[in-house]
Amino acid sequence: MNNILSFDLLSEQTSEAIASLNSIPVAKVTGRLVKVNGLMLQAVGCRFKLEQRCMVETAEGNMIEAQVVGFDHNIAYLMPIRRLGGLFAGAKVIPLDGDSTVQLSDKWLGRVLDGLGHPLDDDGKIIGGERVSLEPRRINPLKRRPVDTPLNVGIKAINGLITVGKGQRIGLMAGSGVGKSILLGMMCKNTEADVIVVGLIGERGREVREFIEKNLTPEARAKAVIIAAPADESPLMRLKATLLCHRVAEYFRDKGKDVLLMMDSLTRYAMAQREIALSLGEPPATRGYPPSVFNILPQLLERAGNAENPQGSLTAIYTILAVSDDQQDPVVDSARAILDGHIVLSRHLAEQGHYPAIDINASISRCMGTCVETAHLTLASEFRRHYSAYLQVKDLIPLGGYQPGQDPELDRSVGLYPILSEYLKQPQNSSVNYHESLVELANIFKS
């Protein structure tokens, strides 16, 4: 009997000892900071992984979050997410385990956040939600649902002539000051999408508040998530904000919602990657952009679009800055090859007070043929034909080089031009739905 009691007591003590192991603090290997070179931190003494998150100690006892962006032998290169301050030689660098995650829910709707998901508005911290990884989920291209349904964006020139389909990715290309952000705001205010995700990446800080107050009605604000990383944020924060707005859009798409993702701008995202790549010593290639920039663009843009889910869509519109109005700018050219269409804004039209300043001849929607009726496609083609024919003789008319009566088709194009030009114009505070756009387009050619 005594032996049995002794055995039971020993078993109980063993179980308690095993359970207590979980409460014993485990030693964690940390690195140390050895060099700060501009935006780049160098750390040694620890086994770091690429894209791993780390916490760097400051002289004040605070911790700065950073991310591993490269390494050279035993030296790890880290990029801080926030601006630097208080760093010192030999500071502890603590690696963090696990992928970056965020808690997403409908509580994000109507909120303004930074690239880490922290609120920038005064509505308090977002509590609760489904914890999801920020890493993108790869979609089998054979299982993607095709783009076959038009999306109303509230702008008749786009609805009628450059129709955007649900799940399409399209670029809004122009130089500075031509009206990209205004056009983006018009679409944001007038779209019929269930959820709007707006990424304000690398733009002027004052534009964040202006975009919310001027371009979002109370109804649009209630279904919008705004993620902002202004120009004064670190390059890594701008990258994280871009990835976060895509992850939020993917989350609501997978919930069966029709999502419109609007990002201003893709060029600033490319510039942020350029800053990081050049700091790592990557050689510049095309106009100062390292090769890695053109590697990450398709990885980002392919995240938008439809998934396997028969319900829900993710339509993406990206503004792309054409430096000096150069449509052959490397970022513009690369994005044009990846996206499903592009809308080009003309400075010449903007100087004439023609808004939105859409150059209809240089713009195209590659998915229009699969999501509109044949009659609609015929009307759009006829519009383009007459508009292009007029532009070919426009400069000859004041010089007397065009004589009416010699070409009836050309005479009709010249006669229709005022109506065609008027169709392309739309006040900033007005909205024209998809059906109204088609009716106006058809009425042009009834006479």
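In this predicted model, the end C-alpha atoms of residues 154-365 lie 16 Å apart, and the span is 43% helix and 19% strand. UniProt, in an unreviewed entry, places the feature "domain: ATPase F1/V1/A1 complex alpha/beta subunit nucleotide-binding" at these residues, 154-365. A further annotation of an unreviewed UniProt entry, "domain: T3SS EscN ATPase C-terminal", covers residues 372-442. For residues 372-442 the end C-alpha atoms are 14 Å apart, with 65% of the span in helix and 0% in strand.

## Domains

The domain assignment of the protein gives domain 1 (31-95), domain 2 (101-372) and domain 3 (377-444). Between the C-alpha centres of domain 1 and domain 2 there is a distance of 31 Å. The contact of these two domains involves 12 residues of domain 1 and 15 residues of domain 2.

## Helix packing

| Helix pair | Residues | Angle | Axes apart |
|---|---|---|---|
| α3 and α4 | 180-190 and 206-215 | about 45° | 10 Å |
| α8 and α9 | 291-301 and 330-338 | about 40° | 10 Å |
| α13 and α14 | 408-424 and 434-444 | about 170° | 10 Å |

Helix α3 (residues 180-190) packs on helix α4 (residues 206-215) at an angle of about 45°, which makes α3 oblique to α4. The passage of α3 over α4 is a right-handed crossing. On the α3 side the contact is formed by S181, G185, C188 and K189, and on the α4 side by F211, K214 and N215. By class, the residues of this contact of α3 with α4 are two nonpolar, three polar and two charged.

Helices α8 (residues 291-301) and α9 (residues 330-338) pack at about 40°, and α8 and α9 are therefore oblique to each other. The crossing of α8 and α9 is right-handed. Here F294, L297, P298 and L301 of α8 meet P330, V331, S334 and I338 of α9. The contact of α8 with α9 comprises seven nonpolar residues, one polar residue and no charged residues.

Helices α13 (residues 408-424) and α14 (residues 434-444) pack at an angle of about 170°. An angle over 145 degrees counts as roughly antiparallel, and α13 and α14 are therefore roughly antiparallel to each other. From α13 the contact is made by L416, I419, L420 and Y423, and from α14 by S437, E440, L441 and I444. The contact of α13 with α14 has six nonpolar residues, one polar residue and one charged residue.

## Backbone geometry

Most residues other than glycine have a negative phi, and most peptide bonds are trans.

The peptide bond that joins D264 and S265 is cis, with omega of about 10°. S265 is found in the loop between β13 (258-264) and α7 (266-279). Another cis peptide bond joins Y355 and P356, where omega is about -10°. P356 is placed in the loop between α10 (347-351) and β16 (364-365).

E51 is not a glycine, although its phi is positive, at about 70°.

Terms used
Residues numbered from 1 in each chain as written. Predicted model: local features only at pLDDT ≥ 70, side-chain atom pairs only at ≥ 80, totals over all residues. Heavy atoms only, no water. UniProt positions renumbered as here; feature names shortened; annotations may be inferred. Helix = DSSP H or I, 4+ residues; strand = E, 2+ residues; numbered from the N terminus. Axes fitted to C-alpha atoms, helices over the stretch in contact; angles between N-to-C directions. Parallel < 35°, antiparallel > 145°, perpendicular 65-115°, else oblique. Contact = heavy atoms within 4.5 Å. Nonpolar A, V, L, I, M, F, W, Y, C, P; charged D, E, K, R; others polar. Left-handed = near helix turned anticlockwise from the far one by under 90°. Domains from an automatic or database assignment.
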